[in-house]
Amino acid sequence: MTDISFMSYDERVFLAGCIETIIVSDGNIEENELENLDKTIKELNFNDFDNCLSEFEDQVKDSDTFFEKAETITKQETKDAVLEILFEFVRSNGIPEKSEEGIFQRLQKLWE
C-alpha cells in the first residue's frame, strides 16, 4: 500500500474523509469494511486517522463541500496516492457498489 508520510495534515484529513465516504456511501456499514479500515490504517501507518476524520467531519457537511475540499488537493503525488488507496480499499471489500465507484470516478475526473 502507498506511503502517506509525505502528505500534509490537510491532505490526510481529506484522505480520511474519502475513506469514510466510501464506507458510508451505500448507506450500509458492513463488518468487512470495518475490518478493512483497521487493516488499511495499519498498513498506511495512518496514526492520526481519528483526528483527521474528526477534522474532516467538522469541515465537510455535504457533497458540494466534499468536492470543494477535493479541489484544494493540488499535488499530483497526493492525488495519485489518494486514488490508489481508495481503489485498493474498494477492491478489497469485494464487488464495488455503484456509489463507491461513483465517488472514485468523480474524483478521477476532477483531478484529470
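These legends walk through several close-up views of one predicted model. Residues are numbered from 1 along each chain as its sequence is written, and side-chain values use heavy atoms, with hydrogens and water left out. Because the model is predicted, local features need pLDDT of at least 70 and side-chain atom pairs count only at pLDDT 80 or more, while totals for chains, interfaces and linings use all residues.

**View 1. Helix H1 packs against helix H4**. Let us begin with two helices; here helices (H or I, at least four residues) are DSSP runs, numbered from the N terminus. H1 covers residues 9-24, and H4 covers residues 63-71. Their axes lie 10 Å apart, at an angle of about 140 degrees. Axes are lines fitted to C-alpha atoms over the stretch in contact, and angles run from 0 to 180 degrees between N-to-C directions. The angle makes H1 oblique to H4, a word for what remains once angles under 35 degrees (roughly parallel), over 145 (roughly antiparallel) and 65 to 115 (roughly perpendicular) are set aside. The crossing of H1 past H4 is left-handed, meaning that the near helix is turned anticlockwise from the far one by less than a right angle.

**View 2. Lysine 75 meets glutamate 11 in a salt bridge**. The whole structure holds three salt bridges, each a side-chain nitrogen of Lys or Arg within 4 Å of a carboxyl oxygen of Asp or Glu. In this one, the closest N and O atoms are 3.4 Å apart. The pair links distant parts of the chain, 64 residues apart: glutamate 11 sits in helix H1, and lysine 75 in the loop between H4 and helix H5 (76-92). Glutamate 11 counts as buried because its relative accessibility is 8%, whereas lysine 75, at 36%, is partly exposed. Buried means under 20% relative accessible area, exposed over 50%, and partly exposed in between (1.4 Å probe, protein chains only).

**View 3. Arginine 12 and aspartate 48 join H1 to a loop**. The side chains of arginine 12 and aspartate 48 form a salt bridge of 2.7 Å, N to O. Arginine 12 belongs to helix H1, and aspartate 48 to the loop between H2 and helix H3 (49-59), 36 residues apart. Arginine 12 has 17% relative accessibility, so it counts as buried.

**View 4. Lysine 39 and glutamate 43 pair up within helix H2**. Here the closest N and O atoms of the salt bridge are 3.9 Å apart. The two residues are four residues apart, about one turn of the helix. Lysine 39 is partly exposed at 45%, and glutamate 43 is partly exposed at 40%.

**View 5. Aspartate 26 and isoleucine 29 sit in the loop between H1 and H2**. Isoleucine 29 is partly exposed, with a relative accessible area of 48%. Aspartate 26 is also partly exposed, at 24%. The C-alpha atoms of aspartate 26 and glycine 102 are separated by 11 Å, although the residues are 76 apart along the chain.

**View 6. Asparagine 45 has a positive phi**. Which loop holds asparagine 45? Its place is in the loop between H2 and H3. Most residues other than glycine have a negative phi. Asparagine 45 is not a glycine, yet its phi is about 55 degrees. With a relative accessible area of 56%, asparagine 45 is exposed.
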